[in-house]
Amino acid sequence: MVAMAAATASSQLIFSKPCSPSRLCPFQLCVFDTKSVLSSSRRKHVSGSGGVRCMVVGEVAAETKKRSSYELITLTSWLLKQEQTGVIDAELTIVLNSISLACKQIASLVQRANISNLTGVQGAVNIQGEDQKKLDVVSNEVFSNCLRSSGRTGIIASEEEDVPVAVEESYSGNYIVVFDPLDGSSNIDAAVSTGSIFGIYSPNDECLADVGNESDDPTLGTEEQRCIVNVCQPGSNLLAAGYCMYSSSVIFVLTIGKGVFVFTLDPMYGEFVLTQENLQIPKSGKIYSFNEGNYKLWDDNLKKYIDDLKEPGANGKPYSARYIGFGR
């Protein structure tokens, strides 16, 4: 039996193809342009080529599975998918979400720094011997608070702190997070890009880096010694690492050990949205980036390399220079 249904106002009719009861067959749509059918009916026949289009419903379903250009993959949903496939666990998902929240808050602070009087020097010096800016101190507090409140971090180590800090027991978890809350804060006065950098480790009772006698310093308490020992791990032990750059757009670049992914903050929704997958450094480029103010301090091989980049290459053009320093 042939089923017939009236279509929408577009004047189309939809028919199903008859099927043998002895076997299953896909439902088939036949769409007739009624204008063509009516004009043909006056000639007592329906043209096989005029106005008839057929498609198996299974094919329609397959087409609808294609990702819509309006579909957004947020950082949160992406992390949940990684958790579901066993790439990361639920604890690490929470830590990474807390870091993304800190980055959103810092992005807002950076954009309003001049308005909120957060530019200029705070008056203290950090562990690197650099003058702390007001925004350094505020960003460090934001980053630290987000990590503590996640309830999944045991130790946090910031460039703005003299020693790693153990998270209070009531909030304590297992992960170790090292970070620079705001690298390049001196660039804010010139409205130039800045960024946050982070890495996440698992606890490790073996100190794998040379910290001298610092861990045996009698002025350090047991907790501080434990913090130093756990933080002293090589980069190969990292579970996840990334950075967030605050510029014309806010981008969150992340790796969890399998590829590098880029998420861009959508100001309309307040969410980081996946914009690049499996990011890689190109084999060759057209731009070099060096602080040439230190040229006279370089060794001869490095000087020769940079000098060669300034000479015209195979395409008849030299490399272009582009540099924005994060130094203070």
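Helices here are DSSP runs of H or I with at least four residues, strands are runs of E with at least two, and both are numbered from the N terminus. With that in hand, α5 can be followed to its end: the next residue is Gly-151, whose phi is positive, near 75°.

This is a predicted model, in which local features need pLDDT of at least 70, side-chain atom pairs count only at pLDDT 80 or more, and totals for chains, interfaces and linings use all residues. Residues are numbered from 1 along each chain as its sequence is written, and side-chain values use heavy atoms, with hydrogens and water left out.

Start with the whole chain. It holds seven helices and 16 strands. Of its 328 residues, 34% are buried. Buried means under 20% relative accessible area, exposed means over 50%, and partly exposed lies in between, for a 1.4 Å probe and protein chains only. Contact means heavy atoms within 4.5 Å. Among contacts in the chain with a separation of 6 or more, 50% join residues 24 or more positions apart.

Now turn to the helix pairs. Two packed helices are described by the angle between their axes and the distance between the axes. Axes are lines fitted to C-alpha atoms, for helices over the stretch in contact, and angles run from 0 to 180 degrees between N-to-C directions.

Helix α4 covers residues 90-111 and helix α5 covers residues 134-150. Their axes come within 9 Å and cross at roughly 155°. The two are therefore roughly antiparallel to each other. That label applies to angles over 145 degrees; under 35 counts as roughly parallel, 65 to 115 as roughly perpendicular, and the rest as oblique. The crossing of α4 and α5 is right-handed. On the α4 side, the contact includes Ile-94, Val-95, Ser-98, Ile-99 and Leu-101. On the α5 side, the residues include Leu-135, Val-138, Ser-139, Val-142 and Phe-143. By class, this contact has 15 nonpolar, four polar and no charged residues. Ala, Val, Leu, Ile, Met, Phe, Trp, Tyr, Cys and Pro count as nonpolar, Asp, Glu, Lys and Arg as charged, and the others, Gly among them, as polar. As for handedness, a crossing is left-handed if the near helix is turned anticlockwise from the far one by less than a right angle, and right-handed if clockwise.

Helix α4 also meets α3, which spans residues 75-84. Here the axes come within 10 Å and cross at roughly 165°. α3 and α4 are therefore roughly antiparallel to each other. This crossing, too, is right-handed. From α3 the contact uses Leu-75, Thr-76, Leu-79 and Glu-83. From α4 it uses Ala-90, Thr-93, Leu-96, Asn-97 and Ser-100. These residues divide into four nonpolar, four polar and one charged.

Look along α5 itself. It has 17 residues and reaches 25 Å from its first C-alpha to its last. That is close to the 24 Å expected at 1.5 Å a residue. The expected span is 1.5 Å times one less than the number of residues. Buried residues of α5 include Asp-136, Asn-140, Ser-144 and Cys-146. Ser-139 also lies in α5. At 0% relative accessibility, Ser-139 counts as buried. Leaving out residues up to four places away in sequence, Ser-139 touches Ile-106, Pro-181 and Leu-182.

Val-95 gives a view from α4. Its relative accessibility is 0%, so Val-95 counts as buried. Beyond four places in sequence, Val-95 is in contact with Leu-147, Arg-152, Thr-153, Tyr-175, Val-177 and Ile-200. Val-95 and Val-177 are 82 residues apart in sequence and 8.8 Å apart in space, C-alpha to C-alpha.

Next come the loops. Ser-185 sits between β9 (175-183) and β10 (194-201). Ser-185 is buried, with a relative accessible area of 5%. Its C-alpha is 9.0 Å from that of Lys-134, 51 residues apart in sequence. Asn-278 is in the loop between β14 (271-276) and β15 (287-288). At 48% relative accessibility, Asn-278 counts as partly exposed. Most residues other than glycine have a negative phi. Asn-278 has a positive phi of about 50° although it is not a glycine.
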